[in-house]
Amino acid sequence: MNCPACKNPMIILELNQVEIDYCSLCKGIWLDNGELELIFSSSDRKEIAKSFSLKDNLTEEKRRCPNCKKKMEKVEFENTGIIVDKCVNNHGLWFDNGELRSLLKSAEQTNNKMIEQLKEIFGE
């Protein structure tokens, strides 16, 4: 799978028993549908999905889903200012460098072990 940001081939890493796609060039992370819930240890997908709201009128370039190649939507996590790319066909979410860590830090369900693991793998 190629990175939606820089088109570099991504590698698969295991993060707390969840396989993530990681771009070693731009340091972005692709999570397939349902993997964010696994990271949060939450079985309630509807609850996590409600945490994101569509953001229109952004000047940031829309990226294409690495699976279906359609332009993704820009969504914000719980009014935090953290904007990520979401596939319109629900294939997954794209996190630019540091966005997943920021999202985990800002979430109430934050898993400190997961944040420490992200720091170890990707650095501060």
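Modeller: A residue is buried under 20% relative accessible area, exposed over 50% and partly exposed in between (1.4 Å probe, protein chains only). By that scale Cys-6, at 30% relative accessibility, is partly exposed, whereas Cys-3 is buried at 1%. This is a predicted model, in which local features need pLDDT of at least 70 and side-chain atom pairs count only at pLDDT 80 or more, while totals for chains, interfaces and linings use all residues. Residues are numbered from 1 along each chain as its sequence is written, and side-chain values use heavy atoms, with hydrogens and water left out.

Biologist: How many disulfides does the structure hold?

Modeller: A disulfide is a covalent bond between the sulfur atoms of two cysteines; here the criterion is a pair of cysteine sulfur atoms within 2.5 Å. The structure holds zero. For Cys-3, the nearest cysteine sulfur is that of Cys-26, 3.6 Å away. For Cys-6, the nearest is that of Cys-23, at 3.4 Å.

Biologist: What pattern does the chain follow along the sequence?

Modeller: Helices (H or I, at least four residues) and strands (E, at least two) are DSSP runs, numbered from the N terminus. The pattern is β-β-β-α-α-β-β-β-β-α-α, with four helices and seven strands.

Biologist: In what order do the strands of the open sheet lie?

Modeller: Two strands pair if DSSP finds at least two bridges between them. The seven strands form an open antiparallel sheet, in the order β1-β2-β3-β7-β6-β5-β4.

Biologist: Which helix lies across β3, β4, β5, β6 and β7?

Modeller: Helix α3 (residues 99-106) does, running at about 105 degrees to β7 (92-95). Such angles run from 0 to 180 degrees between N-to-C directions, with axes fitted to C-alpha atoms, for helices over the stretch in contact.

Biologist: Which residues of the largest nonpolar core touch the most other members?

Modeller: A nonpolar core is a set of buried Ala, Val, Leu, Ile, Met, Phe, Trp, Tyr and Cys residues joined through side-chain atoms within 4.5 Å. The largest has 19 residues, and Leu-31, Leu-36, Phe-52, Phe-95, Leu-100 and Leu-103 touch the most other members. At least two residues each come from β2, β3, α1 (35-39), β5, β7 and α3. Beyond its neighbours within four places in sequence, Phe-95 is in contact (heavy atoms within 4.5 Å) with residues including Gly-28, Val-84 and Leu-100. A second, separate core of eight residues includes Met-10, Cys-23, Met-72 and Trp-94.
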